[in-house]
Amino acid sequence: MTGVIRPGEVIVDEAGAIAQLHGIGVQRVGDRFYAWGENKAAGSTFTAVSCYSSTDLATWRFEGEALTAGEGDLAADRIVERPKVLEHPDGHFVMFLHIDSADYADARVGFAVADAPAGPYRYLGSERPLGNLSRDIGVYQEDGVGYLLSEDRVNGLHLYRLAPDYLSVEAIVATTLKDDGSHGYESPTLIREGGLYYLFGSDLTGWAMNDNMVSTATDLAGPWSPWAGIAPAGSATFESQMSVVVPVDGGHVYIGDRWTPDDLRTSPAVWLPIEIGDGVATLRWRDEWTIADLRGAAAPGDDA
Ligand code: GAL
């Protein structure tokens, strides 16, 4: 069975609860997609990172809280956002987090590890990568090398290479700015398709949505192209802020948040197929769709 995705609605899990998949990270592990999200039960401050899994990106099984509030960086009055996970080549899982104080002044990246995708994750600590501010993050992996995308509003959006154990940042690979040079984009995500890298980002407007952008390069180190829109100009990316672009069999899926600041827990999700090729990324609205619509490909684990 392939479930239907309705952009602009909340995601309801198999048990009928609103899935806490805000600021989501997604990875395919075996024949399932795993997703980690901000549990916004308490609003903007930290409750937990929730984990879910699915075969069709529509039907979500709650796998438990992967990381829960505790002390220090993980205290309940802190900000813990945008959980992103990479499977290390050694077979364990590393979670990256935006770690902050309630006034967003700390601006650090945190690291946690687990033996299984759903965790539970053991929190190791946080750093300012190479001394830089680090707020919204994204991750990328190629040939066993891990990369961290991180927004630093002094210097720009950094692409860092991670150390071999993925538990610290080793070097800057590239730093990008908006075309007007004012600052870098945030909520970054990176994919590779057809010999090109596509770097996506959102402008710095807090919980308000804006027109999200894409830049391309043939090398991770750049040069990166001027930024281009991905959705109709002025649509604020169909009223959403991207979190990730997920490669799936037959195409790519854009996943964004339609933040409702007064009740973040019930923020709807905007999940849409995104067409990517020849240096262009295009998002078109659909009221509903299924993963099987992506060029007719079957969902992983779907033997129908
Ligand atoms: C956005 C960011 C969100 C959240 C929000 C708080 O810029 O992408 O993850 O931090 O600000 O205002």
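A: The ligand takes up the space of the second largest pocket. A molecule sits in one if more than half of its atoms lie within 2 Å of its grid points. Keep in mind that this is a predicted model, where local features need pLDDT of at least 70 and side-chain atom pairs count only at pLDDT 80 or more, while totals for chains, interfaces and linings use all residues. Residues are numbered from 1 along each chain as its sequence is written, and side-chain values use heavy atoms, with hydrogens and water left out.

Now for the shell. Around the ligand you'll find Glu-81, Arg-82, Tyr-104, Asp-136, Glu-186, Gly-206, Trp-207 and Gln-241; to be on that list, a residue needs a heavy atom within 4 Å of the molecule. By type, the shell splits into 4 charged, 2 polar and 2 nonpolar residues. In that scheme, Asp, Glu, Lys and Arg are charged, Ala, Val, Leu, Ile, Met, Phe, Trp, Tyr, Cys and Pro are nonpolar, and the others, Gly among them, are polar.

On its own the ligand exposes 310 Å², and the protein buries 88% of that, going by Shrake-Rupley areas with a 1.4 Å probe. A polar contact means a pair of N or O atoms within 3.5 Å; within protein, one must be able to donate a hydrogen and the other to accept it, and residues adjacent in sequence count only if both atoms are side-chain atoms.

Tyr-104 also leads us to Arg-135, whose side chain reaches the backbone oxygen of Tyr-104 at 2.6 Å. Arg-135 sits in the loop between strand S8 (122–127) and strand S9 (137–142); strands are DSSP runs (E, at least two residues) and helices likewise (H or I, at least four), numbered from the N terminus. Arg-135 counts as buried because its relative accessibility is 12%, and buried means under 20% relative accessible area (1.4 Å probe, protein chains only).

Asp-100, in strand S6 (residues 93–100), is buried at 0%. A polar atom of the Asp-100 side chain lies 3.2 Å from the backbone nitrogen of Ala-105, and one lies 2.8 Å from the backbone nitrogen of Asp-106.

Then there's the backbone geometry. Most residues other than glycine have a negative phi, and most peptide bonds are trans. Leu-57, though not a glycine, has a positive phi of about 65°; Leu-57 is in the loop between strand S3 (48–54) and strand S4 (61–68) and is buried at 2%. Phe-238 has a positive phi too, about 55°, and belongs to helix H1 (residues 236–239).

As for cis bonds, the one from Gly-119 to Pro-120 has omega near 5°, with Pro-120 in the loop between strand S7 (108–114) and S8. The bond from Gly-222 to Pro-223 is cis with omega near 5°.

How values were computed: On a 1 Å grid over the protein atoms alone, a cavity is a set of points where a 1.4 Å probe fits but cannot get out, and a pocket is an open set with protein on both sides within 12 Å along at least five of seven lines; lining residues have an atom within 4 Å of a point. Buried means under 20% relative accessible area, exposed over 50%, partly exposed in between (1.4 Å probe, protein chains only).
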